[in-house]
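Thanks, everyone, for making the time this morning.

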Amino acid sequence: MHLYKTKKLITFKGCITAVAVFIAVLFLCVFTTYSLSGNVEEDKAARLKEVIDNAIVTCYSIEGAYPESLEYIVENYGVVIDEDKYIVSYSVFAKNIKPQVKVIEINK
């Protein structure tokens, strides 16, 4: 009878250990997913800035002048900006100087 109680105790300890490991792995997965989702949004804003910069350089190489407005890039170079998610600052100093672009994510 003593042997039966020992086996039952070992099985109970094994179940508790398995549940604890499962909870730890689940917590790690949730934390990693949460961390990665923030990085994806940052990457999208950086990618949008890169697309706009590439359109600016393409415009300069084709037309010989930098675009005067962001609207010109959107209309003529196929750049799509989700205005519900991003604010784009487009500053022109002179026609022969590359415009400054800043992409700001709107937090809702």
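I will go from confidence to overall layout, then to the core and the strands.

This is a predicted model, in which local features need a pLDDT of at least 70 and side-chain atom pairs count only at pLDDT 80 or more, while totals for chains, interfaces and linings use all residues. Residues are numbered from 1 along each chain as its sequence is written, and side-chain values use heavy atoms, with hydrogens and water left out.

On confidence, pLDDT being the predictor's own confidence in each residue from 0 to 100, the protein averages 81, and 72% of the residues score at least 70. Confidence is lowest in helix α1, residues 2-63, with a mean of 74, and highest in strand β1, residues 86-91, at 94.

How much of the protein is buried, if buried means under 20% relative accessible area, exposed over 50% and partly exposed in between, with a 1.4 Å probe and protein chains only? Buried residues make up 18% of the 108 residues.

Turning to the core, a nonpolar core is a set of buried Ala, Val, Leu, Ile, Met, Phe, Trp, Tyr and Cys residues joined through side-chain atoms within 4.5 Å. The largest one has 15 residues, and those with the most contacts inside it are I52, V88 and V103. The elements giving two or more residues to this core are α1, α2 (70-77), β1 and β2 (100-105), with the largest share, five residues, coming from α1.

Contact means heavy atoms within 4.5 Å, and, leaving aside neighbours within four places in sequence, V88 is in contact with L48, I52, L70, I81, V101, K102 and V103.

Finally, the strands, where two count as paired if DSSP finds at least two bridges between them. β1 and β2 pair in the antiparallel sense over six bridges, and I87 stands opposite I104 in β2. The covered face of β1 carries Y86, V88 and Y90, whereas I87, S89 and S91 are on the uncovered one.

Definitions and conventions: Helices (H or I, at least four residues) and strands (E, at least two) are DSSP runs, numbered from the N terminus.
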